[in-house]
Amino acid sequence: MTVSKAIFALLIFPILLSAKGEEAGWEPLFDGKSTNGWIRWGNHQPLDEDSKWQAIDGTLVLTGKGGGDIYSQESFENFELSLEWKTEGNSGIMVRVDPSHKGAIWNKAPEMQVNREGNPKNMVSTSAGGLYQLYNIQGTEKVIHQDGWNEVRIRIVDDKATYWFNGNVSCEFTFGSNDWNQRVQKSKFKKYEGFGLLKKGHIGLQDHGAKVAFRKIHIKRL
């Protein structure tokens with residue numbers, strides 16, 4: 001290959017990669033460099049440089065107490081969400097967040113549990129990968145990286161939801177089904193009318209008082 005051809009290849013290769021990414025339909029919810037596109041729940045204002053949520057080395061990090069829960073600026077109905085997390089304690093990933101709600105963010109938004117625990121046989125709803133207070137993790141054992149990065153995928157299409165944790169399906173359910181409604185009625189969410197039933201909502205990340213980091217946050221509209 002001549003020098004000129006090599007230079008041309010180096011120039012065009014990133015363009016081809018970009019086009020492939022656009023064709024796949026994935027959009028970044030976090031650009032790796034800033035907190036643009038994220039809103040604080042408490043005051044419903046965009047995150048700024050004084051926020052405890054900061055972009056550090058390609059990760060969205062809760063650096064200290066008082067950051068508050070946050071949610072994506074955009075809302076989504078049918079989608080697939082992909083991200084990775086690492087934590088020193090407890091946090092959560094929420095879907096169908098309703099910013100018009102006057103109470104806490106979790107009052108209306110189902111939460112996939114984020115938790116630093118290393119027991120692969122801990123398969124309950126309050127364990128990492130479970131749908132908090134509603135659905136235990138499928139199977140008898142899971143992959144969990146206690147001190148490293150854990151991968152999550154969430155797919156919701158026409159109220160049918162599938163959650164993956166480190167490559168394995170962690171739970172499957174249908175919003176508004178008899179099974180869903182019965183589980184909600186047995187949980188602390190029963191007093192919040194329409195819990196999880198907002199068709200088009202935002203993506204939320206929880207501040208539960210522990211340091212937590214998220215990266216590679218992408219979403220595909222379906």
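How many of the 222 residues in the protein chain are buried? Buried residues make up 45% of the chain, where buried means under 20% relative accessible area, exposed means over 50%, and partly exposed is in between (1.4 Å probe, protein chains only). This is a predicted model, so local features need pLDDT of at least 70 and side-chain atom pairs count only at pLDDT 80 or more, while totals for chains, interfaces and linings use all residues. Residues are numbered from 1 along each chain as its sequence is written, and side-chain values use heavy atoms, with hydrogens and water left out.

On to the overall layout. The protein chain has two helices and 13 strands; these are DSSP runs numbered from the N terminus, helices being H or I with at least four residues and strands E with at least two. Take the contacts (heavy atoms within 4.5 Å) between residues at least 6 apart in sequence: 64% of them join residues at least 24 apart. The chain exposes about 11,600 Å², and carbon and sulfur atoms supply 49% of that. Such areas come from the Shrake-Rupley method with a 1.4 Å probe; for residues, only the protein chains shown count as cover.

Next, the salt bridges. Here the term stands for a side-chain nitrogen of Lys or Arg within 4 Å of a carboxyl oxygen of Asp or Glu, and the structure holds eleven of them. One of these pairs Arg155 with Glu80 at 3.0 Å, N to O. Because Arg155 sits in strand β9 (residues 150–157) and Glu80 in strand β6, this pair ties together parts that are 75 residues apart in sequence. Arg155 is partly exposed at 33% relative accessible area, whereas Glu80 counts as buried at 7%.

Arg116 and Asp147 make another bridge, at 2.5 Å from N to O. Both belong to the loop between β8 (111–115) and β9, so the pair links parts that are 31 residues apart in sequence. Arg116 is partly exposed, with 35% relative accessible area, and Asp147 is exposed at 56%.

Arg183 is partly exposed at 31% relative accessibility, and so is Asp179 at 35%. Elsewhere, salt bridges that share partners join Glu27, Glu74 and Arg221 into one network.

Arg116 and Asp147 turn up again in the lining of the largest pocket, along with Thr59, Val61, Lys86, Thr87, Glu88, Gln146, Trp149, Lys211, Val212 and Ala213. A pocket, on a 1 Å grid over the protein atoms alone, is an open set of points where a 1.4 Å probe fits, with protein on both sides within 12 Å along at least five of seven lines; lining residues have an atom within 4 Å of a point. The space in this pocket comes to about 170 Å³, counted as the space filled by probe spheres set on the points, with grid points joined across faces, edges and corners. Strands β4 (59–62), β6 (79–87) and β13 (212–221) each supply at least two lining residues. By type, the lining has four nonpolar, three polar and five charged residues; Ala, Val, Leu, Ile, Met, Phe, Trp, Tyr, Cys and Pro count as nonpolar, Asp, Glu, Lys and Arg as charged, and the others, Gly among them, as polar.

Finally, some backbone angles. Asp57 has a positive phi, near 50 degrees, in a residue other than glycine; Asp57 is in the loop between β3 (53–56) and β4 and is exposed at 77% relative accessible area.
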